[in-house]
Amino acid sequence: MSASSLEQIPFENPFVDELRGEDSAIQGSRQVPGYCYSRVQPTSVQAPRLLAWSEELGEYLGIAKPAAQGPAVDALAGNLVTASMKPFAARYGGHQFGNWAGQLGDGRAISLGQVAAVDGTPWEIQLKGAGPTPYSRRADGRAVLRSSLREFLCSEAMHALGVPTTRALSLVGTGEAVVRDMFYNGNPQEEPGAIVARVAPTFIRFGNFQIMAAHGEMDNLRALADYTLRHHYPELGPPGPDAYVRWFEEVARRTAVMVAHWMTVGFVHGVMNTDNMSILGLTIDYGPYGWLEPYDPDWTPNTTDFGSRRYAFGQQPRVALWNLMALAQALSPLLPDAQVLRGGLDIYARTLADTQHELMLRKLGLTSQFPDEDRALTGELPQALSKPEIDMTWFFRQLSHLAPALIAGTGNEDALFAELIAKAAYSVAPDEDRNLLKWLHRYTARLRQEPAEKEAIRAGMLAANPKYVLRNYLAQQAAEAAEAGDLSVLERLMHVLKTPFDEHSEYEALAAKRPDWARDKPGAATLSCSS
Ligand code: AMP
Ligand code: MG
(Lines give C-alpha, C1' and ligand atoms only; values in the text may rest on other atoms or scores of the structure.)
(Ligands and ions follow the chains in the order given, each with its own letter.)
Protein backbone atom coordinates (compact mmCIF):
# COMPACT_ATOMS: atom_id res chain seq x y z
CA MET A 1 0.00 0.00 0.00
CA SER A 2 1.46 3.37 -0.90
CA ALA A 3 1.47 6.21 1.59
CA SER A 4 -1.03 9.06 1.39
CA SER A 5 -0.81 12.61 2.57
CA LEU A 6 -2.37 12.98 6.02
CA GLU A 7 -5.14 15.32 4.95
CA GLN A 8 -6.36 12.68 2.49
CA ILE A 9 -6.55 9.84 4.98
CA PRO A 10 -9.97 8.87 6.34
CA PHE A 11 -10.35 8.98 10.13
CA GLU A 12 -12.55 6.78 12.32
CA ASN A 13 -13.86 8.14 15.60
CA PRO A 14 -15.08 5.32 17.83
CA PHE A 15 -14.28 7.13 21.10
CA VAL A 16 -16.53 10.00 20.07
CA ASP A 17 -19.15 7.84 18.37
CA GLU A 18 -19.56 5.29 21.15
CA LEU A 19 -19.09 7.22 24.38
CA ARG A 20 -21.00 10.05 25.95
CA GLY A 21 -19.36 13.42 25.31
CA GLU A 22 -20.31 17.06 25.37
CA ASP A 23 -20.39 19.23 22.29
CA SER A 24 -20.74 22.70 23.65
CA ALA A 25 -20.25 26.19 22.33
CA ILE A 26 -19.10 27.32 25.80
CA GLN A 27 -15.49 28.48 25.81
CA GLY A 28 -13.09 28.35 28.69
CA SER A 29 -11.95 25.95 31.37
CA ARG A 30 -14.66 24.25 33.34
CA GLN A 31 -15.83 21.09 35.06
CA VAL A 32 -17.46 18.66 32.67
CA PRO A 33 -19.44 16.25 34.88
CA GLY A 34 -21.28 13.43 33.18
CA TYR A 35 -19.10 13.17 30.09
CA CYS A 36 -16.16 11.08 28.87
CA TYR A 37 -14.85 13.80 26.56
CA SER A 38 -15.52 17.21 25.06
CA ARG A 39 -15.62 17.90 21.36
CA VAL A 40 -13.12 20.69 20.71
CA GLN A 41 -11.42 22.36 17.79
CA PRO A 42 -7.66 22.88 17.79
CA THR A 43 -6.68 26.57 17.79
CA SER A 44 -4.81 27.55 14.62
CA VAL A 45 -1.19 28.62 14.84
CA GLN A 46 0.58 31.27 12.80
CA ALA A 47 3.26 29.52 10.80
CA PRO A 48 3.35 25.73 11.16
CA ARG A 49 6.52 24.09 9.93
CA LEU A 50 7.66 20.49 10.05
CA LEU A 51 10.75 20.12 12.24
CA ALA A 52 10.99 16.34 12.56
CA TRP A 53 9.25 13.24 11.25
CA SER A 54 9.39 9.59 12.28
CA GLU A 55 9.97 7.79 9.00
CA GLU A 56 9.36 4.33 10.36
CA LEU A 57 6.08 5.18 12.06
CA GLY A 58 4.91 7.15 9.03
CA GLU A 59 5.53 4.14 6.82
CA TYR A 60 3.69 1.85 9.20
CA LEU A 61 0.70 4.18 9.31
CA GLY A 62 0.74 4.68 5.54
CA ILE A 63 1.23 8.43 6.01
CA ALA A 64 3.61 10.14 3.60
CA LYS A 65 6.32 12.42 4.97
CA PRO A 66 4.99 15.94 4.45
CA ALA A 67 6.91 18.81 2.94
CA ALA A 68 8.02 21.47 5.41
CA GLN A 69 4.77 23.35 4.88
CA GLY A 70 1.45 22.46 3.30
CA PRO A 71 -1.85 20.80 4.08
CA ALA A 72 -0.41 17.77 5.88
CA VAL A 73 1.60 20.00 8.22
CA ASP A 74 -1.48 22.15 8.69
CA ALA A 75 -3.30 19.01 9.84
CA LEU A 76 -0.41 18.15 12.21
CA ALA A 77 -0.59 21.66 13.67
CA GLY A 78 -4.36 21.69 14.13
CA ASN A 79 -4.82 24.32 11.42
CA LEU A 80 -6.67 21.90 9.19
CA VAL A 81 -9.39 19.60 10.48
CA THR A 82 -10.57 17.31 7.71
CA ALA A 83 -14.17 16.18 7.22
CA SER A 84 -13.66 12.74 8.79
CA MET A 85 -11.88 13.99 11.95
CA LYS A 86 -13.92 14.53 15.12
CA PRO A 87 -11.42 16.20 17.45
CA PHE A 88 -11.91 15.72 21.18
CA ALA A 89 -10.28 16.24 24.55
CA ALA A 90 -10.75 13.39 27.03
CA ARG A 91 -11.96 13.95 30.57
CA TYR A 92 -9.86 12.31 33.26
CA GLY A 93 -8.79 12.87 36.82
CA GLY A 94 -5.87 11.62 38.80
CA HIS A 95 -3.73 11.41 41.88
CA GLN A 96 -0.90 13.88 41.62
CA PHE A 97 2.01 13.18 43.98
CA GLY A 98 -0.27 10.95 45.99
CA ASN A 99 -3.17 13.37 46.36
CA TRP A 100 -6.49 13.22 44.56
CA ALA A 101 -6.52 16.22 42.20
CA GLY A 102 -10.04 15.98 40.79
CA GLN A 103 -10.69 16.72 37.14
CA LEU A 104 -7.55 17.12 35.01
CA GLY A 105 -8.24 15.98 31.45
CA ASP A 106 -6.58 16.74 28.13
CA GLY A 107 -5.72 20.36 28.80
CA ARG A 108 -3.58 20.74 25.71
CA ALA A 109 -3.82 17.43 23.89
CA ILE A 110 -6.48 17.10 21.22
CA SER A 111 -7.17 13.77 19.54
CA LEU A 112 -8.09 13.84 15.88
CA GLY A 113 -9.41 10.28 15.71
CA GLN A 114 -7.97 7.03 14.40
CA VAL A 115 -6.23 6.00 11.20
CA ALA A 116 -5.66 2.43 10.02
CA ALA A 117 -2.04 1.25 9.78
CA VAL A 118 -0.89 -0.83 6.80
CA ASP A 119 -1.76 -4.00 8.76
CA GLY A 120 -5.27 -2.66 9.40
CA THR A 121 -4.84 -1.91 13.12
CA PRO A 122 -6.29 1.42 14.26
CA TRP A 123 -4.06 4.08 15.83
CA GLU A 124 -5.18 7.31 17.46
CA ILE A 125 -3.41 10.52 16.50
CA GLN A 126 -3.27 13.19 19.15
CA LEU A 127 -1.85 16.71 18.90
CA LYS A 128 -0.12 17.84 22.08
CA GLY A 129 0.00 21.62 22.40
CA ALA A 130 -2.91 22.29 20.02
CA GLY A 131 -4.67 24.92 22.10
CA PRO A 132 -6.99 25.22 25.07
CA THR A 133 -9.78 22.81 25.95
CA PRO A 134 -12.32 22.74 28.80
CA TYR A 135 -9.59 20.90 30.77
CA SER A 136 -6.87 23.55 30.45
CA ARG A 137 -7.54 24.99 33.91
CA ARG A 138 -5.43 28.16 34.12
CA ALA A 139 -2.91 27.10 31.46
CA ASP A 140 -2.66 28.00 27.78
CA GLY A 141 -3.07 24.68 25.98
CA ARG A 142 0.33 25.07 24.35
CA ALA A 143 3.71 23.34 24.58
CA VAL A 144 7.22 24.70 24.14
CA LEU A 145 9.71 23.40 21.61
CA ARG A 146 12.16 22.04 24.19
CA SER A 147 9.56 19.81 25.85
CA SER A 148 7.92 18.77 22.56
CA LEU A 149 11.29 17.84 21.13
CA ARG A 150 12.04 15.83 24.26
CA GLU A 151 8.74 13.95 23.93
CA PHE A 152 9.25 13.33 20.23
CA LEU A 153 12.79 12.01 20.61
CA CYS A 154 12.24 9.95 23.72
CA SER A 155 9.07 8.18 22.54
CA GLU A 156 10.84 6.98 19.43
CA ALA A 157 14.05 6.13 21.32
CA MET A 158 12.09 4.05 23.84
CA HIS A 159 10.33 2.20 21.04
CA ALA A 160 13.68 1.37 19.44
CA LEU A 161 14.87 0.01 22.79
CA GLY A 162 11.86 -2.29 22.95
CA VAL A 163 10.17 -0.41 25.80
CA PRO A 164 6.35 -0.25 25.58
CA THR A 165 5.52 3.35 24.76
CA THR A 166 3.25 5.74 22.92
CA ARG A 167 4.85 6.86 19.66
CA ALA A 168 5.52 10.23 18.04
CA LEU A 169 4.96 10.91 14.37
CA SER A 170 5.91 14.55 13.95
CA LEU A 171 7.29 17.62 15.60
CA VAL A 172 5.88 20.83 14.18
CA GLY A 173 7.01 24.36 15.08
CA THR A 174 4.06 26.72 15.49
CA GLY A 175 5.81 29.97 14.59
CA GLU A 176 4.35 31.37 17.82
CA ALA A 177 5.92 32.14 21.15
CA VAL A 178 4.81 30.56 24.40
CA VAL A 179 5.56 32.11 27.77
CA ARG A 180 6.97 29.81 30.45
CA ASP A 181 8.56 30.27 33.83
CA MET A 182 10.87 27.31 33.37
CA PHE A 183 11.88 26.94 37.02
CA TYR A 184 8.90 28.61 38.65
CA ASN A 185 11.24 31.26 40.01
CA GLY A 186 9.63 34.40 38.69
CA ASN A 187 11.49 34.49 35.37
CA PRO A 188 8.86 33.97 32.69
CA GLN A 189 10.30 34.01 29.19
CA GLU A 190 9.08 33.67 25.65
CA GLU A 191 10.01 30.37 24.05
CA PRO A 192 9.19 28.94 20.64
CA GLY A 193 6.05 26.79 20.61
CA ALA A 194 5.67 23.35 19.04
CA ILE A 195 3.20 20.51 18.64
CA VAL A 196 3.91 16.78 18.75
CA ALA A 197 1.58 14.42 16.95
CA ARG A 198 1.64 11.40 19.18
CA VAL A 199 0.26 8.04 18.30
CA ALA A 200 -1.05 5.09 20.29
CA PRO A 201 -3.90 2.59 20.07
CA THR A 202 -5.53 4.77 22.74
CA PHE A 203 -4.49 7.42 25.25
CA ILE A 204 -6.95 6.25 27.91
CA ARG A 205 -5.34 6.51 31.36
CA PHE A 206 -6.07 5.12 34.82
CA GLY A 207 -7.42 8.60 35.54
CA ASN A 208 -10.23 8.30 32.96
CA PHE A 209 -11.79 5.58 35.13
CA GLN A 210 -10.95 7.32 38.38
CA ILE A 211 -12.89 10.47 37.55
CA MET A 212 -16.04 8.45 36.79
CA ALA A 213 -15.75 6.48 40.02
CA ALA A 214 -14.99 9.61 42.07
CA HIS A 215 -18.12 11.31 40.75
CA GLY A 216 -20.31 8.22 41.04
CA GLU A 217 -20.90 8.20 37.28
CA MET A 218 -21.52 4.47 37.08
CA ASP A 219 -22.94 4.49 33.56
CA ASN A 220 -19.90 6.27 32.20
CA LEU A 221 -17.55 4.06 34.21
CA ARG A 222 -19.12 0.91 32.79
CA ALA A 223 -19.35 2.34 29.28
CA LEU A 224 -15.68 3.32 29.32
CA ALA A 225 -14.62 -0.07 30.72
CA ASP A 226 -16.68 -1.88 28.09
CA TYR A 227 -15.31 0.36 25.35
CA THR A 228 -11.75 -0.37 26.48
CA LEU A 229 -12.41 -4.11 26.54
CA ARG A 230 -14.14 -4.19 23.16
CA HIS A 231 -11.55 -2.10 21.36
CA HIS A 232 -8.32 -2.78 23.17
CA TYR A 233 -8.69 -6.12 24.94
CA PRO A 234 -11.03 -8.08 22.64
CA GLU A 235 -9.16 -11.30 23.45
CA LEU A 236 -10.61 -11.16 26.99
CA GLY A 237 -14.13 -11.82 25.75
CA PRO A 238 -17.38 -9.91 26.13
CA PRO A 239 -17.44 -7.25 28.87
CA GLY A 240 -18.75 -8.33 32.26
CA PRO A 241 -17.44 -8.98 35.78
CA ASP A 242 -15.19 -11.91 34.80
CA ALA A 243 -13.72 -10.01 31.88
CA TYR A 244 -13.16 -6.94 34.09
CA VAL A 245 -11.06 -9.04 36.45
CA ARG A 246 -9.01 -10.57 33.63
CA TRP A 247 -8.60 -7.08 32.20
CA PHE A 248 -7.28 -5.62 35.44
CA GLU A 249 -4.85 -8.53 35.68
CA GLU A 250 -3.66 -7.84 32.15
CA VAL A 251 -3.22 -4.12 32.86
CA ALA A 252 -1.21 -5.08 35.94
CA ARG A 253 0.90 -7.50 33.92
CA ARG A 254 1.61 -4.96 31.19
CA THR A 255 2.40 -2.23 33.70
CA ALA A 256 4.92 -4.57 35.33
CA VAL A 257 6.58 -5.32 31.98
CA MET A 258 6.82 -1.59 31.27
CA VAL A 259 8.36 -0.79 34.65
CA ALA A 260 10.78 -3.73 34.36
CA HIS A 261 12.03 -2.21 31.11
CA TRP A 262 12.41 1.22 32.71
CA MET A 263 14.46 -0.31 35.51
CA THR A 264 16.79 -2.12 33.14
CA VAL A 265 17.40 0.75 30.71
CA GLY A 266 17.68 3.41 33.42
CA PHE A 267 14.61 5.47 32.55
CA VAL A 268 13.01 7.72 35.15
CA HIS A 269 9.52 8.86 34.16
CA GLY A 270 9.53 11.72 36.61
CA VAL A 271 5.76 12.22 37.09
CA MET A 272 4.06 8.90 37.69
CA ASN A 273 0.74 10.43 38.62
CA THR A 274 -2.25 8.18 37.93
CA ASP A 275 -3.27 10.43 35.05
CA ASN A 276 0.06 9.58 33.46
CA MET A 277 -0.51 5.80 33.54
CA SER A 278 -1.71 4.26 30.28
CA ILE A 279 -4.45 1.64 30.42
CA LEU A 280 -2.39 -0.26 27.82
CA GLY A 281 0.79 -0.32 29.92
CA LEU A 282 2.59 2.14 27.66
CA THR A 283 5.03 4.80 28.76
CA ILE A 284 2.99 7.97 28.34
CA ASP A 285 3.38 11.72 28.87
CA TYR A 286 7.04 12.48 28.53
CA GLY A 287 7.64 15.49 30.75
CA PRO A 288 10.49 15.93 33.24
CA TYR A 289 11.81 12.43 32.55
CA GLY A 290 15.47 11.53 32.66
CA TRP A 291 18.02 8.80 32.07
CA LEU A 292 20.19 7.49 34.84
CA GLU A 293 23.78 8.44 34.45
CA PRO A 294 25.41 7.45 37.73
CA TYR A 295 23.43 4.45 38.91
CA ASP A 296 21.48 6.00 41.79
CA PRO A 297 18.10 4.64 42.89
CA ASP A 298 17.34 7.94 44.60
CA TRP A 299 17.81 10.05 41.49
CA THR A 300 15.02 12.04 39.89
CA PRO A 301 15.35 14.82 37.31
CA ASN A 302 12.08 16.46 38.43
CA THR A 303 12.72 19.55 40.55
CA THR A 304 9.08 19.53 41.68
CA ASP A 305 9.82 16.17 43.35
CA PHE A 306 13.16 17.02 44.96
CA GLY A 307 11.60 17.15 48.42
CA SER A 308 9.93 13.75 48.69
CA ARG A 309 11.58 11.98 45.73
CA ARG A 310 8.36 10.03 45.32
CA TYR A 311 9.09 9.31 41.68
CA ALA A 312 12.84 8.65 41.92
CA PHE A 313 14.26 5.79 39.85
CA GLY A 314 14.19 3.19 42.60
CA GLN A 315 10.65 4.10 43.66
CA GLN A 316 9.06 3.36 40.29
CA PRO A 317 8.10 -0.28 40.95
CA ARG A 318 6.40 0.69 44.20
CA VAL A 319 4.62 3.69 42.68
CA ALA A 320 3.23 1.68 39.78
CA LEU A 321 1.75 -0.73 42.32
CA TRP A 322 0.23 2.18 44.23
CA ASN A 323 -1.26 3.45 40.98
CA LEU A 324 -2.69 0.02 40.18
CA MET A 325 -4.37 0.01 43.59
CA ALA A 326 -5.94 3.36 42.71
CA LEU A 327 -7.18 1.86 39.45
CA ALA A 328 -8.55 -1.18 41.29
CA GLN A 329 -10.44 1.12 43.58
CA ALA A 330 -11.92 2.95 40.61
CA LEU A 331 -13.00 -0.31 38.98
CA SER A 332 -14.37 -1.89 42.15
CA PRO A 333 -17.94 -0.55 41.70
CA LEU A 334 -18.16 -2.72 38.59
CA LEU A 335 -17.66 -5.91 40.57
CA PRO A 336 -19.81 -7.74 43.11
CA ASP A 337 -16.69 -8.47 45.15
CA ALA A 338 -13.75 -6.14 44.62
CA GLN A 339 -11.42 -8.46 46.57
CA VAL A 340 -10.96 -10.47 43.38
CA LEU A 341 -8.83 -7.63 42.02
CA ARG A 342 -6.13 -8.46 44.56
CA GLY A 343 -4.94 -11.21 42.25
CA GLY A 344 -3.92 -8.53 39.77
CA LEU A 345 -1.64 -6.94 42.33
CA ASP A 346 0.08 -10.29 42.89
CA ILE A 347 0.43 -10.69 39.15
CA TYR A 348 2.06 -7.26 39.04
CA ALA A 349 4.64 -8.18 41.67
CA ARG A 350 5.44 -11.54 40.11
CA THR A 351 5.63 -10.24 36.54
CA LEU A 352 7.83 -7.34 37.59
CA ALA A 353 10.32 -9.60 39.37
CA ASP A 354 10.35 -12.20 36.58
CA THR A 355 10.62 -9.70 33.74
CA GLN A 356 13.31 -7.65 35.42
CA HIS A 357 15.28 -10.82 36.09
CA GLU A 358 14.86 -12.06 32.52
CA LEU A 359 15.90 -8.72 31.03
CA MET A 360 18.87 -8.56 33.36
CA LEU A 361 19.99 -12.09 32.42
CA ARG A 362 19.96 -11.05 28.77
CA LYS A 363 22.02 -7.97 29.57
CA LEU A 364 24.52 -10.20 31.32
CA GLY A 365 24.67 -12.80 28.57
CA LEU A 366 23.27 -15.51 30.80
CA THR A 367 20.60 -18.13 30.16
CA SER A 368 18.39 -19.34 32.96
CA GLN A 369 20.20 -22.46 34.06
CA PHE A 370 20.80 -21.80 37.72
CA PRO A 371 17.65 -19.98 38.82
CA ASP A 372 18.49 -19.50 42.49
CA GLU A 373 22.11 -18.46 42.09
CA ASP A 374 21.24 -16.21 39.19
CA ARG A 375 18.54 -14.42 41.18
CA ALA A 376 21.11 -13.71 43.85
CA LEU A 377 23.58 -12.51 41.23
CA THR A 378 21.17 -10.12 39.48
CA GLY A 379 19.70 -9.04 42.81
CA GLU A 380 23.07 -7.88 44.12
CA LEU A 381 24.04 -5.87 41.07
CA PRO A 382 22.06 -2.67 41.81
CA GLN A 383 23.72 -2.33 45.18
CA ALA A 384 27.16 -2.98 43.67
CA LEU A 385 26.57 -0.41 40.93
CA SER A 386 25.32 2.32 43.21
CA LYS A 387 28.43 2.68 45.31
CA PRO A 388 31.05 3.95 42.90
CA GLU A 389 29.37 6.45 40.54
CA ILE A 390 28.93 4.01 37.64
CA ASP A 391 27.33 5.07 34.39
CA MET A 392 24.73 2.38 33.83
CA THR A 393 24.66 2.42 30.03
CA TRP A 394 28.45 2.47 29.71
CA PHE A 395 28.92 -0.30 32.21
CA PHE A 396 26.71 -2.81 30.42
CA ARG A 397 27.97 -1.89 26.97
CA GLN A 398 31.61 -2.26 28.04
CA LEU A 399 30.86 -5.47 29.88
CA SER A 400 29.44 -6.87 26.63
CA HIS A 401 32.68 -6.14 24.82
CA LEU A 402 34.68 -7.63 27.65
CA ALA A 403 32.72 -10.89 27.82
CA PRO A 404 34.84 -12.95 25.37
CA ALA A 405 38.06 -12.10 27.22
CA LEU A 406 36.44 -12.93 30.56
CA ILE A 407 35.20 -16.26 29.25
CA ALA A 408 38.56 -17.12 27.69
CA GLY A 409 40.35 -16.15 30.88
CA THR A 410 43.26 -14.90 28.81
CA GLY A 411 43.66 -11.42 30.27
CA ASN A 412 44.49 -10.32 33.79
CA GLU A 413 41.03 -10.23 35.35
CA ASP A 414 41.84 -7.63 37.95
CA ALA A 415 43.28 -5.32 35.35
CA LEU A 416 40.25 -5.79 33.09
CA PHE A 417 37.87 -4.97 35.93
CA ALA A 418 39.88 -1.96 36.99
CA GLU A 419 39.78 -0.65 33.44
CA LEU A 420 36.04 -1.31 33.12
CA ILE A 421 35.30 0.57 36.32
CA ALA A 422 37.64 3.42 35.44
CA LYS A 423 35.90 3.81 32.08
CA ALA A 424 32.37 3.57 33.43
CA ALA A 425 32.72 5.55 36.66
CA TYR A 426 32.22 9.27 37.20
CA SER A 427 34.15 8.99 40.42
CA VAL A 428 35.38 6.19 42.62
CA ALA A 429 36.29 6.96 46.20
CA PRO A 430 38.90 4.61 47.72
CA ASP A 431 37.46 1.18 48.42
CA GLU A 432 34.05 2.08 46.98
CA ASP A 433 34.46 -0.42 44.18
CA ARG A 434 34.92 -3.37 46.52
CA ASN A 435 31.39 -4.76 46.11
CA LEU A 436 31.44 -4.31 42.38
CA LEU A 437 34.81 -6.08 42.05
CA LYS A 438 33.51 -8.97 44.13
CA TRP A 439 30.40 -9.09 42.01
CA LEU A 440 32.42 -9.07 38.77
CA HIS A 441 34.49 -12.04 39.92
CA ARG A 442 31.36 -14.02 40.73
CA TYR A 443 29.78 -13.00 37.46
CA THR A 444 32.81 -14.10 35.46
CA ALA A 445 32.77 -17.53 37.07
CA ARG A 446 29.07 -17.82 36.22
CA LEU A 447 29.55 -16.56 32.65
CA ARG A 448 32.05 -19.35 32.02
CA GLN A 449 29.32 -21.88 32.66
CA GLU A 450 27.37 -20.69 29.64
CA PRO A 451 27.46 -23.25 26.84
CA ALA A 452 27.31 -20.78 23.95
CA GLU A 453 30.35 -19.71 22.00
CA LYS A 454 31.93 -16.55 23.42
CA GLU A 455 31.41 -14.36 20.37
CA ALA A 456 27.75 -15.37 20.26
CA ILE A 457 27.46 -14.34 23.90
CA ARG A 458 29.02 -10.99 23.12
CA ALA A 459 26.62 -10.48 20.18
CA GLY A 460 23.64 -11.30 22.41
CA MET A 461 24.82 -8.85 25.05
CA LEU A 462 25.38 -6.09 22.50
CA ALA A 463 21.81 -6.61 21.33
CA ALA A 464 20.57 -6.17 24.90
CA ASN A 465 22.76 -3.29 26.07
CA PRO A 466 22.25 -0.11 24.05
CA LYS A 467 25.19 2.02 23.15
CA TYR A 468 22.98 5.08 22.72
CA VAL A 469 20.33 6.37 25.09
CA LEU A 470 18.82 9.84 25.19
CA ARG A 471 21.20 11.23 27.76
CA ASN A 472 19.73 14.25 29.47
CA TYR A 473 22.31 16.70 28.22
CA LEU A 474 21.96 15.42 24.64
CA ALA A 475 18.24 16.19 24.60
CA GLN A 476 19.06 19.62 25.97
CA GLN A 477 21.68 20.26 23.28
CA ALA A 478 19.23 19.21 20.56
CA ALA A 479 16.60 21.55 22.03
CA GLU A 480 18.98 24.51 22.27
CA ALA A 481 20.15 24.01 18.68
CA ALA A 482 16.57 23.67 17.41
CA GLU A 483 15.59 26.84 19.22
CA ALA A 484 18.41 28.56 17.33
CA GLY A 485 17.11 27.13 14.05
CA ASP A 486 19.64 24.30 13.74
CA LEU A 487 17.98 20.89 13.39
CA SER A 488 21.16 18.93 12.70
CA VAL A 489 21.72 17.94 16.33
CA LEU A 490 18.18 16.57 16.56
CA GLU A 491 18.60 14.69 13.29
CA ARG A 492 21.89 13.12 14.36
CA LEU A 493 20.35 11.99 17.61
CA MET A 494 17.29 10.56 15.86
CA HIS A 495 19.61 8.61 13.61
CA VAL A 496 21.51 6.81 16.39
CA LEU A 497 18.52 6.44 18.71
CA LYS A 498 16.59 4.60 16.00
CA THR A 499 19.16 1.79 16.09
CA PRO A 500 20.64 2.22 19.56
CA PHE A 501 22.34 -1.18 19.66
CA ASP A 502 24.44 -0.49 16.55
CA GLU A 503 27.96 0.89 16.80
CA HIS A 504 27.61 3.99 14.56
CA SER A 505 31.32 4.56 15.08
CA GLU A 506 31.13 7.99 13.42
CA TYR A 507 28.92 9.17 16.32
CA GLU A 508 31.03 7.87 19.20
CA ALA A 509 30.66 11.20 21.01
CA LEU A 510 26.91 10.65 21.41
CA ALA A 511 27.61 7.51 23.42
CA ALA A 512 30.06 9.19 25.77
CA LYS A 513 29.44 9.51 29.47
CA ARG A 514 27.90 12.76 30.60
CA PRO A 515 30.49 15.54 30.42
CA ASP A 516 31.32 17.32 33.65
CA TRP A 517 29.70 20.62 32.69
CA ALA A 518 26.32 18.89 32.31
CA ARG A 519 26.34 17.48 35.82
CA ASP A 520 23.94 19.96 37.40
CA LYS A 521 22.97 22.02 34.38
CA PRO A 522 19.31 23.16 34.47
CA GLY A 523 17.38 21.57 31.62
CA ALA A 524 19.95 18.79 31.32
CA ALA A 525 20.19 17.43 34.85
CA THR A 526 17.18 19.11 36.41
CA LEU A 527 13.77 19.69 34.88
CA SER A 528 10.50 21.09 36.08
CA CYS A 529 6.96 20.31 34.98
CA SER A 530 6.91 23.64 33.11
CA SER A 531 6.61 22.60 29.50
P1 AMP B 1 1.13 16.67 33.16
O2 AMP B 1 1.83 17.01 34.44
O3 AMP B 1 1.85 17.14 31.93
O4 AMP B 1 0.77 15.25 33.07
O5 AMP B 1 -0.21 17.51 33.14
C6 AMP B 1 -1.17 17.50 34.17
C7 AMP B 1 -2.41 18.19 33.70
O8 AMP B 1 -2.15 19.54 33.35
C9 AMP B 1 -3.06 17.56 32.48
O10 AMP B 1 -4.45 17.69 32.66
C11 AMP B 1 -2.57 18.43 31.37
O12 AMP B 1 -3.43 18.42 30.25
C13 AMP B 1 -2.56 19.79 32.03
N14 AMP B 1 -1.61 20.71 31.39
C15 AMP B 1 -0.27 20.69 31.46
N16 AMP B 1 0.26 21.71 30.77
C17 AMP B 1 -0.77 22.40 30.22
C18 AMP B 1 -0.89 23.56 29.39
N19 AMP B 1 0.17 24.23 28.97
N20 AMP B 1 -2.13 23.95 29.04
C21 AMP B 1 -3.22 23.29 29.45
N22 AMP B 1 -3.18 22.21 30.23
C23 AMP B 1 -1.98 21.77 30.62
MG1 MG C 1 -0.18 14.14 31.90
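**Cysteines, a strand and a ligand**

Author: The cysteine sulfur closest to that of C154 belongs to C529, and the two are 15 Å apart, which is too far for a bond. A disulfide requires two cysteine sulfur atoms within 2.5 Å, so the distance of 15 Å rules out a bond for C154. This is a predicted model, and a search of the whole structure turns up zero disulfides. C154 is also buried, at 0% relative accessibility. C36 is another buried cysteine, with a relative accessible area of 2%.

Burial also describes much of strand β10, which spans residues 189–200: nine of its 12 residues are buried. Strand β9 (residues 167–180) runs antiparallel to β10 and is joined to it by 10 bridges. In β10, E190 stands opposite V179. Strand β8, residues 122–128, also pairs with β10 in the antiparallel sense, over five bridges. I125 faces V199 of β10.

The ligand site comes next. Ligand 1 is surrounded by 17 residues, and the closest are G105, G107, R137, G141 and N276. The backbone of G141 places an N or O atom 2.8 Å from a nitrogen atom of ligand 1. A polar backbone atom of R142 is 3.1 Å from a nitrogen atom of the ligand. For D140 the contact comes from the side chain, where an N or O atom is 3.1 Å from a nitrogen atom of ligand 1. On its own, ligand 1 has 480 Å² of accessible area, and the protein covers 82% of it.

Conventions: Residues are numbered from 1 along each chain as its sequence is written. Chains are lettered from A and ligands numbered from 1 in the order in which they are written. This is a predicted model: local features need pLDDT of at least 70, side-chain atom pairs count only at pLDDT 80 or more; totals for chains, interfaces and linings use all residues. Side-chain values use heavy atoms; hydrogens and water are left out. Buried means under 20% relative accessible area, exposed over 50%, partly exposed in between (1.4 Å probe, protein chains only). Helices (H or I, at least four residues) and strands (E, at least two) are DSSP runs, numbered from the N terminus. Two strands pair if DSSP finds at least two bridges between them. A residue is near a molecule or strand if one of its heavy atoms lies within 4 Å of it. A polar contact is a pair of N or O atoms within 3.5 Å; within protein, one must be able to donate a hydrogen and the other to accept it, and residues adjacent in sequence count only if both atoms are side-chain atoms. Accessible areas come from the Shrake-Rupley method with a 1.4 Å probe; for residues, only the protein chains shown count as cover.
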